[in-house]
Structures are given as structure tokens and as C-alpha cells.
Amino acid sequence: AARSAGGKSASPAQRLPRLDPGSRFVATARRIPSRASRNHRPTMSSFKLERMSISKKPWTGDGASVEDSNMAMVGSDMDKDARKAAAAGEAAWAGCGAAPGVEVWRVEKMKIVKWPKEHYGDFFAGDSYIILKTTKQKDSDKLLWDIFFWLGESTSQDEMGVAAYKTVELDDLMDQAPVQHREVMGHESIAFTKIFKQLNYMQGGVESGFTHVEAGTYVSKLFRVRKMKHTVKVAEVPCKCASLNAGDCFILDTGKTLYPWFGESASAFEKAKCGTSAHNMANLRNGKSSVKVDIDADFWAALGGEGPIAPETDAPVESEEPGEGILFKLSDASGELQCTEVGRGDVKKSMLSSDDVFLLDAGREVFTWIGSKASDAERRNAMSTAIAYLTSANKPISTAIHCFSEDTPFKNDIWDKIMD
């Protein structure tokens, strides 16, 4: 795993995935005082992403001209066909997206490996995943696709890069029809949380060997259960008494025994979900584990001894209210990829143009809209540009990002609320 200067694994909030091959971005921003109605908060009016020039340069006789090189075909139909053929060679994609449903893969030793269906919703913090959601368009047999790449908080730089690259590869296989989404552990978009009834976060990952545990060597784990608006999140926390609090529910997993523990102020709904989650975990072990509701000495021993219970803590509020909406136009007409603000607050779909790519900052989520006549360079760098924007605008790098084409049917409550 990637390490920071202090020796700890750097999280996706501290690292950026690799950019599209052949491009290099350095984000710079010019800030101006906002209008008085916004209390003079500094806001961004434009920013530039400096990139290796893509404009045509005169041939000086040194080497081959662009027309005679393999770069002349980039973005052409032949190039797209070649990329699709290359994507078809990935065995993991065989038959995917052929029918409505959800499919999940994990990055394992730099390869894409099918994730067992019984573990859908289970995510290791040290791993990266790709999720394909296939749906049928309303009143039609046409299939629609959403590709999510999910990054654990301690996943390695290499795994992040593989997940991002393979997402583009799968997009090529499907003729660039899917919507692409970038998700970070604990900061998932509303659309992502609607896919799984429950999200289970576990420490470790494939590189840590946390895929299975041999008999007699199990290390006890403690999970916090919280009800969010669209899903239930079950997250591993330090296995000690100090992790408990009166407002939440927890599951202690000692291997053979699963203990649901209820805080005295926890809601009845969370208590029910906690009990159900414990039984579901036991069922997956085919009789090798049982659920015990009576808290005994073994429970406290696994937590390092009984102690005082912390008072109720506030769970994170999953607000669905979007920001004011800031719309940027992205263009590489000058040879540099530049982003210019075209609207703030009162933004509409009529501001979009098929010739360009647009980025909408909706507060908790960011959207990149790709015009049908945008250049291939603009299209293929849409995700990288959005990530660079997060840095330029001082937004959390964990902010969810959605990229979709003008011709792709797209339904998202936040986008629709701002742009309609």
C-alpha cells in the first residue's frame, strides 16, 4: 500500500488516481470576491488545467509528422474499435451487462476478479472495486449501464489506478454508453447507497490476506451499525470497550459467536437492523457461527474488559440538499484544457452546448456532462478533470463524481433539482 511520510497508508482523500495516459494536469485557480449576498466568501470564477499541448504543431522534419504517426488516429472510429477489441480481451468482462442487475469485481494483485454475490455490499478498506449496475430503460428494452469504481480509505495507489483504468476499459467495451461514477469509502453518493441495502466496511484487504481466517486463529472484530437514509452502514471500529456508545448498535464477532449489542438510546429500527445483520453474518458461515443476544463475560473479555459506556454521539447527517450549483465549461480549443465559470445559482440545461464538456459543482457531488461533439481528449479526460477540479476548488477529494454523455439517459435527483 502507498505510504505517507509518517509511515501510514495514505487515503484517497490524500491521493489522486493516475491520469489518462498522455495527459498531465496542474490545476491553478484565480479567485475573486463573491457578491455581497454571499458575504464576500471567496469563490472560483475560472481555473486552468495545464496539459501537454494537444494542438497541431508544424512538422520540422525531425521524426514523423502527426499524420504519419500512430497518434493521428487517436479518437477516430478505428481507434475506438481497437480499444473496444482490447477491452473484449479481458476475461472478467465476459457476458457482463447483458441483463438487468448488479455485478461486482475486486482488484486483486493488479487484476480484476469477480466478487462473490453473497458478499455484495461487503467492502474492505484496503481494496478497490468496480460495480456495474444494469437497468432497463422505462417503456423500452434498451439497457442502461452505470459503472462505479469504489476506493477504500487505505487502498493502494496501484489498486486505485487499476480500478480507474479498468472502468474506462469497461466503458470502451460498451461503446462509451455507461455513466461513470467515482466513489470513496464513507462518502458515497446517494445513487451508490441506493444499490445496496447494507454497506459493510471491513479493515484489511486482499494484500493484507484478510480474505479468510483459518480455524483457531480468528481475531475478534467489532462493527458499528448505523441507519442512513438509503442504506445501513456496518463499519469495523477498534475492538475495545471505548468504541461503544449509548446511541449506536454494535456487533462483536469472535468467530464462533456473534453478539449484537444495543446502546440504550439507539432507535428500535437500528436495533432490529443490528440483530438482522448479526444473523445474516452467521448464516453465511454455514453453521460455524451462532448469534448470542445475552451479553456475558466472554463479550467483555473480547473488548479488553468491561468499562464505562460513552454517551450518545451524533451520527453523520446524510443531507440530500444540493449546493447553489456552479457550472463550468471545459474546452481544449486553445491547446490547453481550460475551465470557465458560465453560471452560478440559476443554472439551466439550456446553458449546455454539444461542442464542449461542462462541470457542475453541486456541493456534495460533482457532475461532468460530455457534449456529443466534444473532442475525444475532452471526453477521455473528463474524470481526471473533475478530480483536478476538487483540488482547485479546495473541495474534499472524497467528493463523489459522476461523468455521463449528452446522449446517455441520466436520472439523478441532485442534477435534476439544479438543472431543471
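The model is predicted: local features need pLDDT of at least 70, side-chain atom pairs count only at pLDDT 80 or more, and totals for chains, interfaces and linings use all residues. Residues are numbered from 1 along each chain as its sequence is written, and side-chain values use heavy atoms, with hydrogens and water left out.

The chain has 8 helices and 19 strands. These are DSSP runs numbered from the N terminus: helices are H or I with at least four residues, strands are E with at least two. Of the 420 residues, 49% count as buried. Buried means under 20% relative accessible area, exposed over 50%, and partly exposed in between (1.4 Å probe, protein chains only).

An open sheet of 7 strands runs in the order β5-β9-β11-β10-β12-β13-β14, with mixed pairing. Strands β5 (122-124) and β14 (290-291) stand at the edges with a single partner strand each, so one side of each lacks a neighbour in the sheet. Two strands pair if DSSP finds at least two bridges between them. Strand β13 (residues 257-262) runs parallel to β14 and is joined to it by 2 bridges. Here L258 stands opposite V291 of β14.

Helix α7 (residues 382-392) is largely enclosed by the rest of the structure, because 10 of its 11 residues are buried. Among them are M383, A386, I387 and L390. Just after α7, N394 takes a positive phi of about 60°.

A nonpolar core is a set of buried Ala, Val, Leu, Ile, Met, Phe, Trp, Tyr and Cys residues joined through side-chain atoms within 4.5 Å. In the largest core, of 38 residues, W105, I112, L132 and I401 touch the most other members. Helix α7 supplies the largest share of this core, 6 residues. Leaving aside residues up to four places away in sequence, I401 touches M383, A386, I387 and L390, among others. A second, separate core of 29 residues includes V104, F223, V225 and L258.

The structure holds 0 disulfides, defined as pairs of cysteine sulfur atoms within 2.5 Å. C249 is buried, at 0% relative accessibility. C239 is partly exposed, at 27% relative accessibility.

Notes. Contact = heavy atoms within 4.5 Å.
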